Every structure is written in structure tokens, then in C-alpha cells.
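Reader: I have not looked at this one before. Can you take me through it piece by piece?
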Amino acid sequence: MSSEFTKLFELIVSASLINNFVFTRFLGLCIFFGVSKKMETAVGMSITFTAVMMISAACSWVVYNLVMVPLEITFLEIIVFIGIIAGLVQLSDTIMRKVSPGLYYKLGIYLALISTNCIILAVPLINAGEKYSFIQSLAFGLGSGLGFALALIIMASIREKLELAEVPAPFKGLPMAFVVTGLIALAFTGFSGLITL
Amino acid sequence: MSSSSNTNLKELVLNGIVKENTIFKLALSLCPSIAVTNSLKNGIYMGLAVLFVQVMVNLTISLMRNIIHPKVRLPIFMLVISGWVTVTQLLMAAFVPDVYAKVGLYIALIVAFASILARAEMFASKNSFLPSMADGLGMGIGFLFALTTISFFRELLGKGSLTVPTGLATQHVFTFINTKPLLIMILPAGGFLAVGILMALFNWINARQAAKAASH
């Protein structure tokens, strides 16, 4: 039992720090550069992302292992996962609007962006590829979400300061954001080899 | 008449390569631009995959545009895109398994490319199939161009060599530098740095051209 728990913990740490989605797997970059200008939006986005990632990891695990594997239609995984995520986003959009309009007002726009985001789709695809168990899939979803949140918050706090800095004209805006991300990624390579799974 | 429509098609292709280059200008679909560009070969194959998907999606959507109900168009676009991505994925797994082993995940994630959905929604669903194909071709070539440029610099500086695919399964490795190369360029961090610097270069060239045009 305890070794099982250690493994889950290792999975979360590895997904969030060592194989950080943004800095070593390069996923979710559009959103990463799009919403990291302000701290407030970055925090809102991170919460929504982590929640959706875990729920979609759970749903797609059930569909993949209980329906697609027995029917031998695993090659349809992309189409099915996209469908699950789009449906899920629509569902949570509707539920949130009815149950908590305040939260919907704050996080609603991010929800719409999520359905076409690579980072959300990558979680079920990696889960299916690595043949994780149900609990492991959840842990992987949580770890990836936390890692994305960490990346967004670091980036947002740097970019808020960067607004005041004097940047050479051709580097203004995105190019500078890329260079900054490169430097953070360099720091994150220090985590590699922390845990060998 | 035919000559004017020809120049239009040419303009459509050029638009995607220069004016609206997906990566350098619109800053969309960035994920693979860094993830797969640590070798020239992977960059080229990824670019070709995107080119194929973009053209086929545009073609399919423009042929079907009259029978798709506008209310359900987005789910249908997604279905068309994921169908073509699955085709690409299976083709690559069969013909270039060594490349597929490295970039497979990113091939699957072409589904989530904002640029492909955007072209389907903004262009192919409103135009007939010839302009749609030209548009897809331009966008795809622009993407291929960007990936090739990035991976060219990264592999050259990071490994000191270039891997050029000469056929489906064959390749040729050119070695230029025999001393210790800049390892950072093939690390994740180098990808971000390379894209940032290339973007700045694009901006700089544009600014200079604009200044020249203004002084004339």
C-alpha cells in the first residue's frame, strides 16, 4: 500500500516538475503565452485547467479501457478523446452557469478556450499510451495540471515586471516572452534525473 | 479571366507563407514548433504532416460546405480534422516508424491546432475548393518553412550536423563541426530561445522594410 502511494507521489512530482508540460513537453504554449500577461487571469486559468484535466483523464480512462479496448477500436482514440473533451467542456459550462453564475462570470471564457487545447488532449493520449491504471491516470492529470499552474504563475509574475523593462524594439512582446521562457526552461532542466521512474 | 484567378491563387499561397505565417506572425500552433525541431528531419516530417492535414481538411470542408448545417459546423470541422489526423498518424506509423516514435504524440495533437480549425472556419467554409486548396497549401508551406528554419538552426548549432531525409526511410547526415557543439540548442530551453530570436529577426526585417517603404 505504501509503495503504491509512493509511486503515485512520484508520478505527480514527475508530471509537474521533471516533465513539466510547458517547459519540457512544449504543450499548451498558445494558452501559456496568451494568458500569462496578468496574474489574475493566470490563476483563473490554472484552476480551470487542473479541474478539467482531472475530469477528462477520468472520463477518457473509463471510455478507453472499458469500451475501446474490448472493441479493438483504439486507433480511433483521437476522435473519441476530442469528442469527450468537447462534450465535457460544454457540460461544465452549462452546469457552472446554472449553479454558480459568479464563478462562471470569472472562469467562463477560459472554459471555451479549453476544448481546442493540446494540453488537455495530451493527458488522455499519454495515459492511454503509458497504460496507466485509473488512479495513476488521475494522479497524472493532477500533476500535469499543477505543473501547468506553476508555469503560468511564474511566467505571469515575470511578465508583469517585464512590462516596465526596456526591451529592444524587435524583441517587444512575444519574442521576449520566448526568450524568458527559454531561461525558465533552462532552470527546469535542473530537475531532470530527480526521480527515475 | 483565367490569368486573374491564377494570380489570386498565387496570392493566396503567398499569404500563408509570408503575410500570415502561422508561427512567426500569428504565433499560433507553437507547441510542435519547439517540441519536434531538435533535428531537421523531424521538423521536415512534422511540417509535411501539417501541410497534408491542412490541405485535405480545407478540401473536404469546402466540398461539404453546402451540406453542413451552420449550427453544428464546429463539431463537424473537428470530426473532419481528427479523421485526417488519424489517417496521417497511421500513414506515418507505417512508412516512417523511426520518426513516428519521436513525434507521434505531436502528430496526434495536430487536431488541437488553432490554425487548422481557423482556416476551415474562416476560409474553406466560404470558398470553393480551388481557392481553399491554395489557402491550405500556403498555410501548410508557411508552417513547413518555419519548422525547417527553426530545426535547421537548432540541429546545426546543437549537434554540429544536419540530418536530411533523402527518401522515406533513408537519410544523410552532414557533419559540419567536430568540436563540442552548443548542447543547449537541442535542449528544450534552446527551442524557446531559437523561436524567440527568429521571431525578433522577422520583426526586425519587417520594420526595416516598412521604414524603407516610408522613406521612398
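Reader: In what order do the elements of chain B run from the N terminus on?
Author: This is a predicted model. From the N terminus, the elements of chain B go α-α-α-α-α-α-α-β-β-α. That comes to eight helices and two strands.

Reader: What share of the residues of chain B count as buried?
Author: Chain B has 216 residues, and 47% of them count as buried.

Reader: And what part of the contacts in chain B is between residues 24 or more positions apart?
Author: Taking contacts with a separation of 6 or more, 76% come from residues 24 or more positions apart.

Reader: Let's pick a helix. How many residues has α4(B), and how far does it reach?
Author: α4(B) has 23 residues and spans 33 Å from its first C-alpha to its last. That is close to the 33 Å expected at 1.5 Å a residue.

Reader: Which residues of α4(B) are buried?
Author: They are Phe77(B), Met78(B), Val80(B), Ile81(B), Ser82(B), Trp84(B), Val85(B), Gln89(B) and Met92(B).

Reader: What covers them?
Author: The cover includes α4 of chain A, along with α3 (40-64), α5 and α6 (114-124) of chain B.

Reader: You mentioned α5. At what angle do α4 and α5 of chain B pack?
Author: Helix α4 (residues 73-95) and helix α5 (residues 97-108) of chain B pack at about 165°, and their axes are 9 Å apart. An angle over 145 degrees counts as roughly antiparallel, so α4(B) is roughly antiparallel to α5(B). The crossing of α4(B) and α5(B) is left-handed.

Reader: Which residues make the contact?
Author: From α4(B) there are Val85(B), Thr88(B), Gln89(B), Met92(B) and Ala93(B). From α5(B) there are Pro97(B), Val99(B), Tyr100(B), Ile107(B) and Ala108(B). By class, eight residues of this contact are nonpolar, two are polar and none is charged. Val85(B), Gln89(B) and Met92(B) are also among the buried residues of α4(B).

Reader: New topic, Arg119(B). Is it buried or exposed?
Author: Arg119(B) has 25 C-beta neighbours inside 10 Å, so it counts as buried. Arg119(B) is found in helix α6 of chain B.

Reader: What is Arg119(B) in contact with, leaving aside neighbours within four places in sequence?
Author: Arg119(B) is in contact with Gln54(B), Asn58(B), Ala124(B), Asp135(B), Gly136(B) and Met139(B).

Reader: How far apart are Arg119(B) and Val87(B) in space?
Author: They are 20 Å apart, C-alpha to C-alpha, and 32 residues apart in sequence.

Reader: Now chain A. How do α6(A) and α7 pack there?
Author: α6(A) and helix α7 (residues 134-162) of chain A meet at an angle of about 150°, with axes 10 Å apart. That makes α6(A) roughly antiparallel to α7(A). The crossing of α6(A) with α7(A) is right-handed.

Reader: Who makes that contact?
Author: α6(A) brings Ile119(A), Val123(A) and Asn127(A), while α7(A) brings Ser137(A), Phe140(A), Gly141(A), Ser144(A) and Phe148(A). Four of the residues in this contact are nonpolar, four are polar and none is charged.

Reader: Last one. How many residues of each chain are in contact with the other?
Author: 31 residues of chain A are in contact with 34 residues of chain B. On the side of chain A, the elements giving two or more residues are α2 (29-35), α4 (77-99), α6 (118-130) and α8 (174-188).

Reader: Which of those gives the most?
Author: α8(A) does, with eight residues. The side of chain A that touches chain B has 24 nonpolar residues, six polar and one charged.

Note on methods. Residues are numbered from 1 along each chain as its sequence is written. Chains are lettered from A and ligands numbered from 1 in the order in which they are written. This is a predicted model: local features need pLDDT of at least 70, side-chain atom pairs count only at pLDDT 80 or more; totals for chains, interfaces and linings use all residues. Axes are lines fitted to C-alpha atoms, for helices over the stretch in contact, and angles run from 0 to 180 degrees between N-to-C directions. Helices (H or I, at least four residues) and strands (E, at least two) are DSSP runs, numbered from the N terminus. Angles under 35 degrees count as roughly parallel, over 145 as roughly antiparallel, 65 to 115 as roughly perpendicular and the rest as oblique. A crossing is left-handed if the near helix is turned anticlockwise from the far one by less than a right angle, and right-handed if clockwise. Two residues are in contact if their C-beta atoms, placed from the backbone, lie within 7 Å. Ala, Val, Leu, Ile, Met, Phe, Trp, Tyr, Cys and Pro count as nonpolar, Asp, Glu, Lys and Arg as charged, and the others, Gly among them, as polar. The expected span of a helix is 1.5 Å times one less than its number of residues. A residue is buried if 20 or more other C-beta atoms lie within 10 Å of its own, exposed if 12 or fewer, and partly exposed in between; C-beta atoms are placed from the backbone.
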